[in-house]
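Please look over the notes below with the model open beside you.

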Amino acid sequence: MDYQVQLNNGQAINLTNAEFDTSAFTATLNDQKINFVNIGGAIINKHIIVSVLPTSATETETQA
């Protein structure tokens, strides 16, 4: 499935054909000892992530 990670600086990271384990990702975001996450090979500060949505959801909102 394709995902888009939206960041609080207005940028987005598009993940094509990504295998995304939502349980593991949520656990990582909730772990106070972890400050950075690897998303599609990009290491980013977890505090700038606004949302992670399937691309189909972001395309629908863009077209509306």
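1. Two strands count as paired if DSSP finds at least two bridges between them. Strands β1 and β5 (residues 49–54) are joined by five bridges and run antiparallel. Within this pair, proline 54 of β5 is the bridge partner of tyrosine 3. Note that the model is a predicted one.

2. Two of the contacts can be named: glutamine 4 has asparagine 14 of β2 as its bridge partner, and valine 5 stands opposite isoleucine 13.

3. The sheet as a whole is open and has three strands in the order β2-β1-β5, with antiparallel pairing. From one strand to the next, the twist averages 15°.

4. Is strand β1 mostly covered or mostly open? Strand β1 spans residues 3–7, and four of these five residues are buried, so it is mostly covered; buried here means under 20% relative accessible area.

5. The hairpin formed by β1 and β2 has four residues between its strands. Glycine 10 in this hairpin takes a positive phi near 90°.

6. A positive phi also turns up at asparagine 17, a residue other than glycine, with a value near 55°. Asparagine 17 sits in the loop that links β2 to α1 (22–30). Its relative accessible area is 63%, so asparagine 17 counts as exposed.

Methods: Residues are numbered from 1 along each chain as its sequence is written. This is a predicted model: local features need pLDDT of at least 70, side-chain atom pairs count only at pLDDT 80 or more; totals for chains, interfaces and linings use all residues. Side-chain values use heavy atoms; hydrogens and water are left out. Buried means under 20% relative accessible area, exposed over 50%, partly exposed in between (1.4 Å probe, protein chains only). Axes are lines fitted to C-alpha atoms, for helices over the stretch in contact, and angles run from 0 to 180 degrees between N-to-C directions.
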